[in-house]
Amino acid sequence: MHDHYPEGTVRALLATDLVTEATRQALVKRLTASPQPPKFFTTSEFALLETICNRLIPQGADDEPIDIVGGIDQRLANNESDGWRYDVMPADGDAYRLGLAGTDETAQLLFQQPFQQLSDDQQDDVLLNIQRATAPGKTWEHLPAGRFFEELLAEATHLYYSHPLAQEAIGYVGMADVPTWQRIGLNELEDREPKLVNG
């Protein structure tokens, strides 16, 4: 038994006038999007990025999957920016390609296998070395490992938690903001905010 939020809270609110039309359209589009073949990444790059994202944000086997990598691929294929970039980093597409190559290079140097063939603990070790900028490999001489990890984690987290199913899991209903928020005191909830249930 564990505390959780009831299913369907965000989806139910999307059918009400508590959500603006623009927000409704954006969230419904995310809910109904079907997986697409990669357009920016190669098939092998796409699969490697999926494996990495599954370590960063594991999704339950019984959960409806949220397509994080498809969102990254679509943004890069459309040559869209996420709005900012460190001046030490190359363009986003180049950074992803280099970072993926560097991840496999580090996996080979540490464990003599490609990243996708490593155990979960070994994959986490590779990612921790990248995060700490201690990952071995020539690639990281040209791409700041820590910055690459930071940007990947930020985009993966953004894509995951901007999806209605992830928002339902954490009880987030901030999209239902048409009537504004009046109960802003400690432990106060609007009627439309879900309450934790046990079981």
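Helices here are DSSP runs of at least four residues, numbered from the N terminus. In this predicted model, H163 sits in the loop that joins α7 (145-161) to α8 (164-169). Its relative accessible area is 9%; the cut-off for buried is under 20%, so H163 counts as buried. Apart from neighbours within four places in sequence, H163 is in contact with R30, L31 and I66.

Not counting residues up to four places away in sequence, L49 touches F41, V69, I72, Y96, L100 and L152.

Two of the contributing helices, α4 (residues 68-77) and α5 (residues 92-111), pack against each other with their axes 10 Å apart and at an angle of about 135°. An angle of over 145 would count as roughly antiparallel and one of 65 to 115 as roughly perpendicular; α4 and α5 are therefore oblique to each other. Their crossing is left-handed. On the α4 side the contact is made by I72, R75 and L76, which meet D92, G93 and Y96 of α5. By class, this contact has three nonpolar, one polar and two charged residues. I72 and Y96, both part of this helix contact, are also among the residues that L49 touches.

Key. Residues numbered from 1 in each chain as written. Predicted model: local features only at pLDDT ≥ 70, side-chain atom pairs only at ≥ 80, totals over all residues. Heavy atoms only, no water. Axes fitted to C-alpha atoms, helices over the stretch in contact; angles between N-to-C directions. Parallel < 35°, antiparallel > 145°, perpendicular 65-115°, else oblique. Left-handed = near helix turned anticlockwise from the far one by under 90°. Contact = heavy atoms within 4.5 Å. Nonpolar A, V, L, I, M, F, W, Y, C, P; charged D, E, K, R; others polar. Buried < 20%, exposed > 50% of the residue type's maximum accessible area, 1.4 Å probe, protein only.
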